[in-house]
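Notebook open, structure loaded. I want to jot down what I look up as I go.

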Amino acid sequence: MATWATSAALIDGWTELTHGLGTPRSLAAGEVLFQRDDPSHGLYLLREGLTKAYGVSAAGQERLVEIMGAGSLFGEGTALEGGPRLVTVVALSALRVVFYRAGDVQDALRRDPRIGLCLIQIMAAKQRSLAHRLIEASSLPPRARLLDLLERLRDARVPAGRRALELPLKHEDLAGYLGLSRVTVTRAVNGLRREGLLAPAT
């Protein structure tokens, strides 16, 4: 149910290269991992669970940035830059994460350039995902934007005992993520339901 996650090959490489460097942590659903404007002390690898990352627009509106699932490495930009956090990250389910102190990662980069190359590849994958979203937001009509998002989620594993994938998102979340109004998202969702592409609301 993630809108973005790093490829398994990259994460396996990162995990192998940084073995013993990070500290495991656990969080319960609803806990805040970090908040916007917090100091950036390190980065995280999500091992299990779902997180919601969101920012706040200049108008004070909450905007969904990503739903991150297992295999997501995040927080590295501000941690290595030394600036404050740009987004707030909240646990949507119980989480298992690995925390890497920024100073430890920087020391490791100096010792082993392969870690730096792996991190660059992960950040490049993020840039590609962001570029895709910018292109779709400027060119695709609302229905196509929503379908594009659903297609990126189609390989997600459906929980046992359920017939369909459930997204932990409100129409407001989808609107912010897709660059649309809430009313437009609702119309697009209702249209897909009439076409049988989305299950009725429960």
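This is a predicted model: local features need pLDDT of at least 70, side-chain atom pairs count only at pLDDT 80 or more; totals for chains, interfaces and linings use all residues.

Entry: I followed the pairing of β2 with β7 (residues 88–91) and found it antiparallel, over 2 bridges.

**Entry: the whole sheet.** I then traced the strand order and got β2-β7-β4-β5, an open sheet of 4 strands with antiparallel pairing. The edges are β2 (32–34) and β5 (62–68); each has a single partner strand, so one side of each has no neighbour in the sheet. I also noted the twist, which averages 30° from one strand to the next.

**Entry: β4 and β5.** I checked this pair next: antiparallel again, with 6 bridges. Y54 stands opposite L64 in β5. The hairpin these two strands form has 5 residues between them, and I found G60 there with a positive phi near 85°.

**Entry: what lies across them.** I looked for a helix here and found α6 (residues 171–178), which lies across β4 (51–56) and β5. Its direction is at about 90° to β5.

**Entry: helix α1.** Which residues of α1 (residues 8–17) are buried? I get L10, I11 and W14. Looking down the axis of α1, I see these buried residues fall within an arc of 95°, so they line one face of the helix. I turned to the other side of α1 and found A8, A9, D12 and E16 exposed.

Definitions and conventions: Residues are numbered from 1 along each chain as its sequence is written. Side-chain values use heavy atoms; hydrogens and water are left out. Buried means under 20% relative accessible area, exposed over 50%, partly exposed in between (1.4 Å probe, protein chains only). The arc is that of the directions from the helix axis to the C-beta atoms. Two strands pair if DSSP finds at least two bridges between them. Axes are lines fitted to C-alpha atoms, for helices over the stretch in contact, and angles run from 0 to 180 degrees between N-to-C directions. Contact means heavy atoms within 4.5 Å.
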